[in-house]
Amino acid sequence: SVGMRTVVALGSMPTIDGFDSNAIDVVITDIKLPAGEPHGLALERMIKNKRPRVPIILMTAHPELLGNEVALPSAALCKPLEIAELCRAIKVRQIQ
């Protein structure tokens, strides 16, 4: 509804695989992902190895999961969040 097309991936590995078949401008992921999947911070590192310039926005309802990750290269948003806040984060990350 805000003029963006989404591609949904249900897990870390499908997200990485999606880079081969989709033009991805920004990745939005939760830090806590389903059991058996690499968490969002690991996904971020995998994406940066594959496509270093793709902006990544991390979301979490559990900011304590960030632990010692003081210098995150990505935006980190705390849930719940408003769609306007997410849209602003996307626009800022695309400009950088």
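Me: Two strands pair if DSSP finds at least two bridges between them. In what sense do β1 and strand β2 pair here?

Reply: This is a predicted model, where local features need pLDDT of at least 70, side-chain atom pairs count only at pLDDT 80 or more, and totals for chains, interfaces and linings use all residues. In it, β1 and β2 (residues 56-60) pair in the parallel sense, over four bridges. Strands (E, at least two residues) and helices (H or I, at least four) are DSSP runs numbered from the N terminus.

Me: Which residues face each other?

Reply: Val27 stands opposite Ile56 in β2, and the bridge partner of Thr29 is Leu58. Residues count from 1 along each chain as its sequence is written, and side-chain values use heavy atoms, leaving out hydrogens and water.

Me: What does the chain pass through between β1 and β2?

Reply: Helix α2, residues 40-50. This β-α-β crossover is right-handed: with the strands pointing away from the viewer, the path from the first strand over the helix to the second runs clockwise.

Me: Is β2 mostly covered or open?

Reply: Mostly covered, as five of its five residues are buried, meaning under 20% relative accessible area with a 1.4 Å probe, protein chains only. Ile56, Leu58 and Thr60 point one way from β2, while Ile57 and Met59 point the other way.

Me: New topic. Where does Ser12 lie?

Reply: In helix α1, which covers residues 12-18.

Me: Why does Ser12 count as buried?

Reply: Because its relative accessible area is 0%.

Me: And what is Ser12 in contact with?

Reply: Setting aside neighbours within four places in sequence, Ser12 is in contact (heavy atoms within 4.5 Å) with Leu33, Glu37, Pro38, His39, Leu43 and Met46.

Me: How many residues line the largest pocket?

Reply: There are 33, and Thr6, Val7, Val26, Val27 and Ile28 lie nearest its centre. Two or more lining residues come from each of α1, β1 (27-30) and α3 (83-95). A pocket is an open set of points on a 1 Å grid over the protein atoms alone, where a 1.4 Å probe fits, with protein on both sides within 12 Å along at least five of seven lines; lining residues have an atom within 4 Å of a point.

Me: Which element gives the largest share of that lining?

Reply: α3, with five residues.

Terms used. Buried means under 20% relative accessible area, exposed over 50%, partly exposed in between (1.4 Å probe, protein chains only).
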